[in-house]
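User: Hi! I have a new model open and would like to go through it with you. Can we start with the charged pairs?

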Amino acid sequence: GYLSSTVVYGNRDGGWVDEETPPAPTQDRGHRRLAAENAWRAMAGHAAVDILRLAGIYGPGRSMLDDLRAGRARRMVKPGHQFGRIHRDDIARATLTAMRQDRPPGARVLNLADDAPAESAAVVQEAAALLGVAPPPEIAFDAALPSMSPMARSFWAENRKVACAATKAALGLEWLYPTYREGLRAILAEESG
């Protein structure tokens with residue numbers, strides 16, 4: 001299987017995509033991911049091939065909690081602009097579950113995104129509350145845009161919500177962390193030992 005990215009869906013102006021939605025990348029990295037997916041699909045005539053499309057990855061050492069502690073968190077406000085996320089433990093669990101399935105040759109798409117796409121500012125606020133610190137001040141997206149890196153701009157350039165009901169049904173599992181709230185709390189608990 002291939003760990004791809006939901007970037008292959010392109011911009012959907014806040015609309016939902018699912019495992020059956022045709023890819024429509026709008027960025028170079030989306031086109032490169034789709035080309036890699038298609039190379040893997042070429043093997044589907046004689047092997048079971050999984051294309052796992054990942055939303056924004058977070059987990060211990062890579063979360064908004066870390067960004068707040070390091071002073072690099074920004075509470076960007078762009079109303080209606082939501083991101084999907086997936087905890088690294090759910091990625092590992094879904095990947096291992098898919099690998100253990102005995103399937104005939106063919107390709108399938110699996111979306112790995114939690115059940116609650118959310119605005120970035122909401123995640124910052126939740127993480128700050130869990131840490132017992134004040135969230136950074138709100139920053140309007142338009143005011144922050146000139147200082148963003150090209151990679152940050154590319155993340156904010158597209159807006160889509162990723163559904164994964166078919167993936168969870170195919171794998172026979174529910175996410176350990178169905179939203180960023182449970183995921184952030186689990187990270188804090190793991191850090192506490």
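Analyst: Happy to! D50 and R108 are both buried. Keep in mind as we go that this is a predicted model.

User: OK, and how close are the closest N and O atoms of D50 and R108?

Analyst: They are 2.5 Å apart, and the two residues form a salt bridge. D50 lies in strand β3 (residues 48-54) and R108 in strand β8 (residues 106-112), so the pair ties together parts that are 58 residues apart in sequence.

User: How many salt bridges does the count come to?

Analyst: The count comes to 14 salt bridges.

User: Give me another one. What does E191 pair with?

Analyst: The side chain of E191 meets that of R69 in a salt bridge, at 2.7 Å from N to O. E191 sits in helix α8 (residues 180-192) and R69 in helix α2 (residues 64-70), so this pair ties together parts that are 122 residues apart in sequence.

User: Why is E191 classed as partly exposed? And what about R69?

Analyst: E191 has a relative accessible area of 38%, and R69 has one of 46%.

User: Which residue does D89 form a salt bridge with?

Analyst: That would be R88, with the closest N and O atoms 2.4 Å apart. D89 counts as partly exposed at 22% relative accessibility, and R88 counts as partly exposed at 36%.

User: Switching to the fold now. What is the strand order in the open sheet?

Analyst: The order is β1-β3-β8, an open sheet of 3 strands with parallel pairing. The edge strands are β1 (2-5) and β8, each of which pairs on one side only. From one strand to the next, the twist averages 30°.

User: Over how many bridges do β3 and β8 pair?

Analyst: Over 7 bridges, in the parallel sense. If you want a spot to look at, R53 stands opposite N111 in β8.

User: And which strands does helix α1 lie across?

Analyst: Helix α1 (residues 28-41) lies across β1, β3 and β8, and runs at about 150° to β1. Helix α3 (residues 88-100) also lies across β1, β3 and β8, running at about 160° to β8.

User: What does K168 touch, leaving out residues up to four places away in sequence?

Analyst: K168 touches D115, L173, E174 and W175. With D115 there is a polar contact between the two side chains, at 2.9 Å.

Notes
Residues numbered from 1 in each chain as written. Predicted model: local features only at pLDDT ≥ 70, side-chain atom pairs only at ≥ 80, totals over all residues. Heavy atoms only, no water. Contact = heavy atoms within 4.5 Å. Polar contact = N/O pair within 3.5 Å; in protein donor to acceptor, adjacent residues only side chain to side chain. Salt bridge = Lys/Arg side-chain N within 4 Å of Asp/Glu carboxyl O. Helix = DSSP H or I, 4+ residues; strand = E, 2+ residues; numbered from the N terminus. Buried < 20%, exposed > 50% of the residue type's maximum accessible area, 1.4 Å probe, protein only. Pairing = 2+ DSSP bridges. Axes fitted to C-alpha atoms, helices over the stretch in contact; angles between N-to-C directions.
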